[in-house]
Amino acid sequence: MIWAERSLRRRLLAWAIVPGILLSAAILYEAYISARETADSLHDRFIVGLALGISEQVVATGGDLVPESTFELMTAGTEDEIFYRVSGPASAFLTGYQDLPEIPADQPLEGGVPLFYNATYRGEPVRVVAMSFLVAERDINGWVTVQVTQTRHGRQQVITESVVRAGIRLVLLICVALVFAWIGITQGLAPLKRLQQAIRRRSYEDLRPITHPMPQEIRDVVAAINQLLARLKVSIASQELFIANASHQLRTPLAALQAQSELALREADSAEAKESLGKILKATQHSSRLANQLLNLARAQHDRNGPEHEERIDVAQLAAELTGDWVQEALAKRFDLGFEGPTRGLWVEGSPTLVREMLTNLIDNALRYCPEGSAITVRTVAAGKPGQVVLEVEDDGPGIPQDKRSAVFDRFVRLSDQVEGGCGLGLAIVEEIAERHGGQVALHTAPSGGLLVRILLPEAPADPAMARATS
Ligand SMILES: Nc1ncnc2c1ncn2[C@@H]1O[C@H](COP(=O)(O)OP(=O)(O)OP(=O)(O)O)[C@@H](O)[C@H]1O
Ligand SMILES: [Mg+2]
């Protein structure tokens, strides 16, 4: 995966961990150096003290070995092995261990000044101090050199303990820092998660700007998204306006064409001319229907995010009146169109033209797809869920099979091609209008086996003016 696609959390953690580990390594190295210096300085001082003590003993005894008990007393407190050698004037061996590592030739020994060097003795690395003293005694007269070697275990132990202690402290520190970094990063990324949820929850039609409070860094991204949404809104609105204008423009010539074809059909003499004109008339009627439905869909889509043209509508009254308007046409086609439910008092907020258009499409469908003589019922339901207004259009026709019920809401989807005239936009318009009013539409099987279309709309809040008048 390339770096740009890596998760932000991992990137931030990497930027915290990698420098942390490098810094810890540097701190550990520094702890090691200073522990080594401290151990060296402590132990060097100890072996210098020993060298002084041994020289005094040897000089006092005229060159004898330091007694075991005295030596043990002198070296008490160290677990290292200590060896010494005392040489008299002219490098004559006096006492101790003769095979002790020699003083390096390139490091001259000055009287009374300790000379330290590292060497190997009996297969082990050792630290050696050499000191020379001028002695003027009866038995020894001249320069006496004392060498003391000490194995490095004690030093190594001090260094290891210091480095391990520093290491444990650093590991704890890194763990605590990691926990806080993880919490901090999670907290820091929380606004991104909230933004993601806010965008995900939106319907694809909701193009209002995102207004959630956001930290500065994300605000710029949100501002860019909002600009895009605004541009998209303008672009979609202009497309819808274009469709509305185009279909509106088409309606007038199509109406003229329809009128002329009807006239020509009436006056045509030959059967061939009548047949051709009949086809022209049908095509013109279909085109008119298409232009009308496109215009209706564009109207339903237009300004779906704005509160313009919103008003309190009594949908019970509207549905009852609309049913009345259709009765004549239904009767003429030998349909039994009826109304059930309250005819007053179901209030929603929205556009009366659009709600009328929604019910018109459903009644038109029932008249179109049910066999002659069918019963169609427009119904308002008073005792729906609280806060909800229910409208239904039911018929006892063939219905829509369960597996086709979601497809028929798509644009230009028709199930029965044998019934001419439809263009597959009616239910898309119904759904658009229901959603524009914050509601939803669902298809059910009516008790008679026909189609039952149920529309649920949010009830309008109580009218403040009416509430004042009744109180
Ligand atoms: N009441 C109904 N009974 C049976 N089938 C129906 C009914 N209403 C709709 N349909 C089926 O659903 C399809 C889609 O209906 P829709 O209203 O969306 O389009 P349309 O009626 O074909 O065209 P138009 O846009 O002119 O209304 C119809 O073609 C029809 O097959
Ligand atoms: Mg239809």
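1. Buried residues make up 22% of the 471 residues in the protein. Here a residue is buried if 20 or more other C-beta atoms lie within 10 Å of its own, exposed if 12 or fewer, and partly exposed in between, with C-beta atoms placed from the backbone. The model is a predicted one, in which local features need pLDDT of at least 70 and side-chain atom pairs count only at pLDDT 80 or more, while totals for chains, interfaces and linings use all residues. Residues are numbered from 1 along each chain as its sequence is written, and chains are lettered from A and ligands numbered from 1 in the order in which they are written.

2. Overall form. The secondary structure comes to 9 helices and 12 strands; these are DSSP runs numbered from the N terminus, helices being H or I of at least four residues and strands E of at least two. The radius of gyration is 51 Å, well over the 23 Å that the globule rule gives for 471 residues, so the protein is more spread out than a compact globule. That radius is taken over C-alpha atoms, and the globule rule is 2.2 Å times the number of residues to the power 0.38. Along the principal axes, the C-alpha atoms fill a box of roughly 160 × 65 × 40 Å.

3. Domains. An automatic or database domain assignment supplies the bounds: domain 1 covers 3-160, domain 2 covers 210-306 and domain 3 covers 311-470. Between the C-alpha centres of domain 1 and domain 3 the distance is 102 Å. Of the contacts in the protein with a separation of 6 or more, 67% join residues 24 or more positions apart; a contact requires C-beta atoms, placed from the backbone, to lie within 7 Å.

4. Val-86 has Thr-95 of strand 2 as its bridge partner. The hairpin leaves 5 residues between the two strands, and Ala-90 in its turn has a positive phi of about 60°.

5. The hairpin of strands 3 and 4. Antiparallel pairing of strand 3 and strand 4 extends over 7 bridges, and Tyr-121 stands opposite Glu-124 in strand 4. Here 2 residues separate the strands of the hairpin. Arg-122 lies in the loop between strand 3 (115-121) and strand 4 (124-136), and its phi is near 55°, a positive value in a residue other than glycine. Most residues other than glycine have a negative phi. Arg-122 is exposed, because 12 other C-beta atoms lie within 10 Å.

6. Phe-412. A positive phi of about 60° is also found at Phe-412, which is not a glycine. The residue is placed in the loop between strand 10 (388-395) and helix 8. Phe-412 counts as exposed, because it has 10 C-beta neighbours inside 10 Å.

7. Ala-35 belongs to helix 1 (residues 8-60) and is partly exposed, with 19 other C-beta atoms within 10 Å. Leaving aside residues up to four places away in sequence, Ala-35 touches Val-158, Ile-159, Ser-162 and Val-163. Ala-35 and Arg-155 are 120 residues apart in sequence but 8.9 Å apart in space, C-alpha to C-alpha. Pro-114, in the loop between strand 2 and strand 3, is partly exposed with 18 other C-beta atoms within 10 Å. Pro-114 and Asp-395 are 281 residues apart in sequence and 116 Å apart in space, C-alpha to C-alpha.

8. Leu-451. This residue lies in strand 12 (residues 451-458) and counts as buried, because it has 25 C-beta neighbours inside 10 Å. Residues up to four places away in sequence not being counted, Leu-451 touches Asp-395, Gly-397, Gly-399, Ile-400, Leu-443 and Ala-446. From Leu-451 to Cys-370 the C-alpha distance is 9.5 Å, with 81 residues of sequence separation.

9. Ligand 1. Of the 24 residues around ligand 1, Asn-365, Arg-414, Leu-415, Gly-422 and Gly-426 come nearest. Helix 5 (271-301), helix 7 (352-369) and helix 8 (426-436) are the elements that give two or more residues to this shell, and helix 7 gives the most, with 5 residues. A residue is near the ligand if its C-beta atom, placed from the backbone, lies within 6 Å of it. The shell divides into 11 nonpolar, 9 polar and 4 charged residues; Ala, Val, Leu, Ile, Met, Phe, Trp, Tyr, Cys and Pro count as nonpolar, Asp, Glu, Lys and Arg as charged, and the others, Gly among them, as polar.

Conventions: Two strands pair if DSSP finds at least two bridges between them. Two residues are in contact if their C-beta atoms, placed from the backbone, lie within 7 Å.
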